[in-house]
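Let's take a walk through this structure together, one stop at a time.

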Amino acid sequence: MAGVNDNWQTKLPSIEERTRFIFNKELMSDVKFVFTEATDDGSKKAKLVIPAHKFVLAISSPVFYAMLYHYGPMAETGDSIELSDCDYESLLELFRHLYGDEANLSESNVMQVYYLAVKYMVPSLAAKCTDYMHETVDGSNIFSILLHAQKFKEKQLEDRCWEVLATKASVAVNSHEFITLDRPVVESVVKKEKLFVGEVELFQAVDSWATKEIERKGLTLNGNIKRQVLGEEIVKAIRFPLMSQKEFASIVLDSNILTLKEVVDMMKYYSEVLTTRPPFPQVPRSGPFLRCFTFYPNSVPINLGWQSPDVFSSSPRNNTISFEANKSIFLHGLQIFGKEGSTYDVSEVRIAGGYFNGVPSLFKQSEIFVSKTYKDRENSGDYFDVLFSQPVYVENGKRCHIVSHITGPLAPKYYSSVSTPVEFADVTFTFGGNKDEVAALIFSFQT
């Protein structure tokens with residue numbers, strides 16, 4: 001390291017380089033920030049010191065100017081300052097930015113650095129922190145960032161959190177952060193229309209939150225207390241009719257949260273003898289569809305030869321596909337290979353292994369489709385979407401069988417059709433059947 005007598009100034013042509021050089025150095029330092037931290041064994045205290053320079057801090061922050069140059073009620077009279085509302089590493093990153101417009105941000109320090117940037121009125125660093133959180137928010141950290149955004153009124157970051165929650169809800173509600181939330185946030189989550197998570201999975205997370213909340217309050221754990229802790233707004237927002245009867249009986253009933261009348265009404269609903277509307281919402285949540293492709297990216301098509309686009313083959317081709325998923329999903333349809341501009345008659349689609357409104361059913365549908373070219377996906381090509389008139393609920397671990405009867409020009413088959421499990425959007429699919437003409441499953445966690 002260069003010393004005082006090394007003419008170091010002559011080797012650093014810009015003011016930025018020179019201020020970076022003196023960052024976290026005793027050289028010309030005229031103020032120190034001191035932290036007292038416990039050692040690993042907790043038996044002793046260690047002192048950490050950040051040497052700093054009043055002039056650099058004061059020209060970068062109006063708060064430091066007031067503190068260090070004895071202006072107003074925030075003035076510090078000594079040359080050694082102890083701060084109790086931050087840690088050593090976070091303050092070091094604040095200073096790194098003040099000295100050189102840099103900051104080594106990470107998930108573990110970004111919120112504390114943001115807090116300091118706001119406190120000391122350094123908007124350029126605050127913007128870097130919000131940009132970092134905007135880019136790194138995911139299911140595992142979404143709630144901590146959301147609460148931070150709400151506290152500091154960062155509307156764009158808050159909107160980003162809700163946007164990510166829609167597609168990462170399964171990870172988010174099963175994270176440790178979820179059970180630590182305040183009740184209003186839990187209510188906001190449960191009431192969201194766009195929330196891609198199985199309803200039974202959401203209920204289990206809410207039930208776990210209620211159990212933890214009862215523990216925090218020192219109350220007796222039972223169904224009535226859970227109901228009181230949750231409140232009617234949360235309980236009435238759970239869409240129990242979207243669960244299978246097995247899920248309802250094996251998971252919801254054991255929680256003892258519902259009243260006897262609600263349980264009776266739900267059992268009548270599953271048995272199709274309920275004469276009134278179910279006591280809970282039965283309209284699926286809304287949101288964009290996801291597509292899990294049944295062939296590997298950039299697979300090579302085998303051209304089997306085209307028929308005339310306007311001529312149907314004499315008899316429909318039977319196409320079958322089956323799959324299992326390790327999470328419950330809503331199946332909205334199939335994406336099927338075609339030829340651009342060609343018309344296809346799907347005379348029948350039969351689905352076995354799914355549920356409609358909680359009742360096991362065999363689905364049938366007939367329609368005419370026109371194939372289009374898609375170039376905005378990883379697997380570009382010519383497809384047409386067969387969307388069902390209503391979503392099919394497929395329970396996790398249950399085999400779903402789909403048979404479609406297609407009349408129209410032959411489409412190219414693809415090499416490398418997927419036969420091994422495929423992970424997509426936090427769901428693992430296992431495919432089977434003759435799936436040469438099925439390009440993708442169209443699904444959501446909640447529709």
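**A strand and its partners**

Strand β7 (residues 329-337) runs antiparallel to β17, and 6 bridges join the two; strands are DSSP runs of E with at least two residues, helices are runs of H or I with at least four, and both are numbered from the N terminus. Strands count as paired if DSSP finds at least two bridges between them. In this pairing, Gly333 stands opposite Ile442 in β17. Strand β4 (residues 290-293) is also antiparallel to β17, joined by 4 bridges, with Cys292 opposite Leu441. Because 7 of the 7 residues of β17 (residues 438-444) are buried, the strand is largely enclosed by the rest of the structure. Buried means under 20% relative accessible area, exposed over 50%, and partly exposed in between (1.4 Å probe, protein chains only).

This is a predicted model, where local features need pLDDT of at least 70, side-chain atom pairs count only at pLDDT 80 or more, and totals for chains, interfaces and linings use all residues. Residues are numbered from 1 along each chain as its sequence is written, and side-chain values use heavy atoms, leaving out hydrogens and water.

Next come the charged pairs. The whole structure holds 21 salt bridges, each a side-chain nitrogen of Lys or Arg within 4 Å of a carboxyl oxygen of Asp or Glu. One of them joins Arg239 to Glu193, with the closest N and O atoms 2.7 Å apart. Both residues lie in loops, so the pair ties together parts that are 46 residues apart in sequence. Arg239 is buried at 7% relative accessible area, whereas Glu193 is partly exposed at 41%.
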